[in-house]
Amino acid sequence: MPRRDMLLGLMVAVIWGVNFVVIDEGLGEVPPLTFVALRFVVVLLPAVFLVPKPDLPWRDLALVGGFMSLGQFGLLYSALHVGIPAGIAAILLQAQVMLTVLIAAVTLSQRPTQVQTIGIAVGAVGLAVVCVGRSAATPLLGVLLTLAAALSWASGNVLVRRMTVSSGLSMTVWSAVVVPVPLLVLSLVLDGPAAVGHGLRHLTVGNLAATAYTAYLASLLGYGTWNGLLARHSAAAVVPFALLVPPVAMTTSWLVQNEAPNVAEAVGGLVLLVGVAVTALRPRGRRPEPPKPAENAPLAEPGGVPYAFEVPDG
């Protein structure tokens, strides 16, 4: 990989790693579901008028948007709202890689390889260590919400693999159409009209800056750059940059929020990431993976780590 593309991969990892702390800091007094709705309004406008709609039924777009955006980010923002440290959330969210393989095995009959099975087992051990050894600053509810976000993201990954995607960016933009209104309605029900109204009437510079960062940098710039890397290189060459996102998130959380994991969280998180790496990366000597054309590059979630590995064909 040329040095320029390596720097681009590092840039995306930094943008997505910092994104977790930006979300956490940007929430403020805005209810989390309202904040997600605001983010996707910014993602949609004006992109929805500039990017052509993918040649997919609205039902498919709604399912992808429901799982990969509405479900994933509604749950993740809620987890950060109840107090899970941003760095721990970044690690736990990577369980989506292993969950994607498991869901594909059940729904698509795409049996994981022996190496992937080992990776899933290693990752599960790391996840258990994080959950059991978590500090008082890491609430169980936040852990469960983050894992639910990972499950939602993984379900969206499998849905996308069953579709013919002509453009990853168009899928990202148009699947987001179904996100703002349902989340705003849900926030009105759960948080109450008073809380939602207060949050929207008293948006701060921090709220707006965080929304701009997550929408423009994490979603559009991050996704576009990552998609370009996948178009020029194999997934196995690009995926390792995604594994840098949790360390960046944890470092940023420590520097900005003075939050550091305890020993169990750090060790368990490292073991989890090793399991993710083993699950995601194709072993050397297997069938070579040619570079993908841009229009068929795997989708990245808007503002987090991409789904950037191939589920084996069986």
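**Notebook: helix packing and selected residues**

I began with the pair α4 and α5, where Gln72, Leu76 and Leu80 in α4 meet Ala86, Ala89 and Leu93 in α5. I took contact to mean heavy atoms within 4.5 Å. By class, this contact has five nonpolar residues, one polar residue and no charged residues. For these classes I counted Ala, Val, Leu, Ile, Met, Phe, Trp, Tyr, Cys and Pro as nonpolar, Asp, Glu, Lys and Arg as charged, and the others, Gly among them, as polar.

I note that this is a predicted model, in which local features need pLDDT of at least 70 and side-chain atom pairs count only at pLDDT 80 or more, while totals for chains, interfaces and linings use all residues. Residues are numbered from 1 along each chain as its sequence is written, and side-chain values use heavy atoms, with hydrogens and water left out.

**Entry 1: the chain as a whole**

I found 15 helices and zero strands in the chain. Helices (H or I, at least four residues) and strands (E, at least two) are DSSP runs, numbered from the N terminus. Of the 314 residues in the chain, 55% are buried. Buried means under 20% relative accessible area, exposed means over 50%, and partly exposed lies in between (1.4 Å probe, protein chains only). Among contacts with a separation of 6 or more, 89% are between residues 24 or more positions apart.

**Entry 2: geometry of the helix pairs**

I recorded an angle and a distance for each pair, because two packed helices are described by the angle between their axes and the distance between the axes. The axes are lines fitted to C-alpha atoms, for helices over the stretch in contact, and angles run from 0 to 180 degrees between N-to-C directions.

Helix α4 (residues 58-81) packs with α5 at an angle of about 150°, and their axes are 10 Å apart. The crossing of α4 and α5 is right-handed. A crossing is right-handed if the near helix is turned clockwise from the far one by less than a right angle, and left-handed if anticlockwise.

I then looked up α5 (residues 86-93) with α8 (residues 140-161): the axes come within 9 Å and cross at roughly 40°. This crossing is also right-handed. On the α5 side I listed Ala89, Leu92 and Leu93, which meet Val143, Thr146, Leu147, Ala149, Ala150 and Trp153 in α8. The contact of α5 with α8 has eight nonpolar residues, one polar residue and no charged residues.

**Entry 3: Phe20**

Which residues does Phe20 contact, leaving aside its neighbours within four places in sequence? I found Leu76, Leu80, Ala86, Ala89, Ala90, Leu93, Val245 and Ala249. Phe20 lies in helix α1 (residues 3-27), and its 2% relative accessibility makes it buried. The C-alpha atoms of Phe20 and Met250 are separated by 9.1 Å, although the two residues are 230 residues apart along the chain.

Ser219 is part of helix α12 (residues 205-232). With a relative accessible area of 1%, Ser219 is buried. Its side chain makes a polar contact with the side chain of Arg39 at 3.2 Å. A polar contact is a pair of N or O atoms within 3.5 Å; within protein, one must be able to donate a hydrogen and the other to accept it, and residues adjacent in sequence count only if both atoms are side-chain atoms. The side chain of Ser219 also reaches the backbone oxygen of Thr214 at 2.9 Å.

Leu186 belongs to helix α10 (residues 180-190) and is partly exposed, at 38% relative accessible area. I noted 10.0 Å between the C-alpha atoms of Leu186 and Gly74, which are 112 residues apart along the chain.

**Entry 4: salt bridges**

How many salt bridges does the structure hold? I found two, a salt bridge being a side-chain nitrogen of Lys or Arg within 4 Å of a carboxyl oxygen of Asp or Glu. In one, Arg4 pairs with Asp5, with the closest N and O atoms 3.3 Å apart. Arg4 is exposed at 57% relative accessibility, whereas Asp5 is buried at 5%. Arg59 and Asp60 also form a salt bridge, at 3.7 Å from N to O. Here Arg59 is exposed at 60% relative accessibility, and Asp60 is buried at 17%.

**Entry 5: backbone**

I looked up two backbone features, since most residues other than glycine have a negative phi, and most peptide bonds are trans. Leu45 and Pro46 are joined by a cis peptide bond, with omega about 5°. Pro46 sits in the loop between α2 (32-44) and α3 (47-50). Asn258, a residue other than glycine, has a positive phi near 55°. Asn258 lies in the loop between α14 (245-257) and α15 (263-280), and is exposed at 64% relative accessibility.
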